[in-house]
Amino acid sequence: MATWITVALLTLLAGLSMPAGAILARFERIHPDWLEEEFRHAVLAFGGGALFSAVALVLVPEASAVLSPMASVSWFVVGGLAFCGLDIVLARRKSATSQLVAMLADFIPEAMALGAVFSTGGDSGLLLAFLIGLQNFPEGFNAYREMNRGPGLTGFKIVVVFAGLAMLGPIAGLSGYFLLAQFPTLVAVIKMIAGGGILFLVFQDIAPGVRLENAWAPPLGAVLGFALGIMGHDLLH
């Protein structure tokens with residue numbers, strides 16, 4: 001099988017985790033109510049773990065191998081600030097699609113990075129595809145519940161929209177495969193920005209005991225702390 005077909009299939013499958021999570025949210029009924037609430041929190045916590053593993057195991061290690069320590073830290077912080085700004089805008093608009101936007105904001109650059117990894121013969125492409133699929137499932141679950149409570153699309157129509165958005169995976173993945181392979185530094189920058197943004201989302205929307213209502217400094221503190229760890233690791237190695 002041609003490599004570009006592999007990229008298209010892997011990114012499509014990873015994207016289809018979004019409607020799969022939405023389907024689970026649509027039909028999820030567990031009794032008693034306290035058990036249903038715990039299940040929802042467990043799904044979100046699972047998503048947080050998958051997101052964090054993508055940052056710690058793939059995005060940051062591969063990007064820091066290309067970038068200088070200062071560049072790694074700088075672009076990581078830029079990613080956190082960018083996603084923070086996006087979260088502030090969505091919060092002020094009281095949009096029912098904030099989780100959807102956040103989901104696409106990390107899915108698309110990750111799919112582009114996956115395509116670039118395959119184009120350069122890297123051995124982490126399959127792992128990255130697996131992690132993207134893992135994180136998209138609970139994000140699709142959470143985004144469905146948020147959109148289903150707001151005006152506009154509801155029920156099965158949301159699942160259909162998510163299935164259509166899954167096609168952005170192959171588009172982004174093939175863009176990375178054919179266009180970004182010649183620019184390894186740019187690929188590394190995209191990975192680091194995505195890593196900083198994802199870490200912000202984990203501590204802003206998922207991690208218990210950190211998020212404060214309408215306050216963005218605590219999760220940004222997590223981004224800066226992780227960036228400091230990157231700097232220390234790069235300087236020691």
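Student: Which residues are buried in α3?

Tutor: First, a caution: this is a predicted model. In α3, the buried residues are Ser72, Val73, Phe76, Val77, Gly79, Gly80, Phe83, Cys84, Asp87 and Leu90.

Student: And how far apart are the end C-alpha atoms of α3?

Tutor: They are 37 Å apart. At 1.5 Å a residue, the 25 residues should span 36 Å, so the two values agree.

Student: What does UniProt say about the chain?

Tutor: An unreviewed UniProt entry annotates "transmembrane region" over residues 41–60, 72–91, 111–134, 155–180, 186–203 and 215–233. Take residues 72–91: that span is 100% helix and 0% strand, with its end C-alpha atoms 29 Å apart. Residues 186–203 are also 100% helix and 0% strand. Their end C-alpha atoms lie 26 Å apart.

Student: Zooming out, how many helices and strands are in the protein chain?

Tutor: Nine helices and zero strands. Read from the N terminus, the elements go α-α-α-α-α-α-α-α-α.

Student: What share of the residues is buried?

Tutor: Of the 237 residues in the protein chain, 49% are buried. The chain exposes about 11,100 Å², and carbon and sulfur atoms supply 70% of that.

Student: Which residues touch the most other members of the largest nonpolar core?

Tutor: Met18, Leu100 and Phe162 do, in a core of 48 residues. The elements giving two or more residues to this core are α1, α2, α3, α4, α5, α6, α7 and α8. There is also a second, separate core of five residues, including Phe83, Ala102, Phe200 and Leu201.

Student: What is Phe162 in contact with, leaving aside its neighbours within four places in sequence?

Tutor: Met18, Pro19, Ala22, Leu100, Met103, Gly140, Ala143, Tyr144 and Met147.

Student: New topic: Asn136. Where is it, and is it buried or exposed?

Tutor: Asn136 sits in helix α5, residues 125–149. Asn136 counts as buried because its relative accessibility is 0%, and the cut-off for buried is under 20%.

Student: What does Asn136 contact, beyond neighbours within four places in sequence?

Tutor: Ala14, Gly15, Ser17, Met18, Met103 and Phe107. Met18 and Met103 turn up among the contacts of Phe162 too.

Student: Last one. What share of the contacts joins residues at least 24 apart?

Tutor: Among contacts between residues at least 6 apart in sequence, 79% do.

Conventions: Residues numbered from 1 in each chain as written. Predicted model: local features only at pLDDT ≥ 70, side-chain atom pairs only at ≥ 80, totals over all residues. Heavy atoms only, no water. Helix = DSSP H or I, 4+ residues; strand = E, 2+ residues; numbered from the N terminus. Buried < 20%, exposed > 50% of the residue type's maximum accessible area, 1.4 Å probe, protein only. Contact = heavy atoms within 4.5 Å. Core = buried A, V, L, I, M, F, W, Y, C linked by side-chain atoms within 4.5 Å. Expected span 1.5 Å × (residues − 1). Areas by Shrake-Rupley, 256 points an atom, 1.4 Å probe, with all protein chains shown as cover. UniProt positions renumbered as here; feature names shortened; annotations may be inferred.
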